[in-house]
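Please keep the sequence and the model at hand while reading.

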Amino acid sequence: MKYALIAGMTVVLSQAAMAADGQPKPMDRMSMGQQGTPAEEPGSVAPTAEASGTIKAINTEKGTVTIVHGPVPTLKWPAMTMDFSATPEQMKGLEAGDEVKFQFRAEGMEAKILSIQPMQ
């Protein structure tokens, strides 16, 4: 009886684990390709994209700017909040709450600011 119970529980847990694997993943666990970016050939350059949004936070130690941005049609991205790598020169004069327009390049899980300026 004990072995039948253990065998039954093993089957149930195995099925639950397989079913969970098919569930949608949070965006922070998805590769950029899974979010809708075109597949990149090895050695190709990631496309440049443009967006506008509002700066939520600036982290000069990490070299990141957190931006709440609208959809990015070039990459087939929905509106979201995400961190972008930026140089100290690019972050100079920017503050949380600033509305900005920016160009960036997304490679893998990293998005790198190419240019950023406050909206007029």
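The structure holds 4 aromatic pairs, where rings of Phe, Tyr and Trp (its six-membered ring) pair if their centres lie within 6.5 Å, and where planes under 30 degrees apart count as stacked, over 60 as edge-to-face and the rest as tilted. This is a predicted model, in which local features need pLDDT of at least 70 and side-chain atom pairs count only at pLDDT 80 or more, while totals for chains, interfaces and linings use all residues. Residues are numbered from 1 along each chain as its sequence is written, and side-chain values use heavy atoms, with hydrogens and water left out.

A pair of aromatic rings is described by the distance of the centres and the angle of the planes. For F84 and F102 the centres are 5.0 Å apart and the planes stand at 70°, so this pair is edge-to-face. The pair links distant parts of the chain, since F84 belongs to strand β3 and F102 to strand β4, 18 residues apart; strands here (E, at least two residues) are DSSP runs, numbered from the N terminus. Ring pairs also link W77, F84, F102 and F104 into a cluster.

The largest nonpolar core has 21 residues, and those with the most contacts inside it are I67, W77, F84, F102 and F104. Such a core is a set of buried Ala, Val, Leu, Ile, Met, Phe, Trp, Tyr and Cys residues joined through side-chain atoms within 4.5 Å. Two or more residues each come from β1 (48-59), β2, β3, β4 (99-107) and β5 (110-118), and β4 gives the largest share, 4 residues.

Leaving aside neighbours within four places in sequence, F102 is in contact (heavy atoms within 4.5 Å) with residues including A49, I67, F84 and I113.

The table compares accessibility, where buried means under 20% relative accessible area, exposed over 50% and partly exposed in between (1.4 Å probe, protein chains only).

| Residue | Relative accessible area | Class |
|---|---|---|
| F84 | 0% | buried |
| F102 | 2% | buried |
| T66 | 15% | buried |
| K76 | 62% | exposed |

T66 is found in strand β2, and its side chain makes a polar contact with the side chain of D83 at 2.5 Å. A polar contact is a pair of N or O atoms within 3.5 Å; within protein, one must be able to donate a hydrogen and the other to accept it, and residues adjacent in sequence count only if both atoms are side-chain atoms.

K76 lies in the loop between β2 (64-69) and β3 (80-85), and its phi is near 60°, a positive value in a residue other than glycine.
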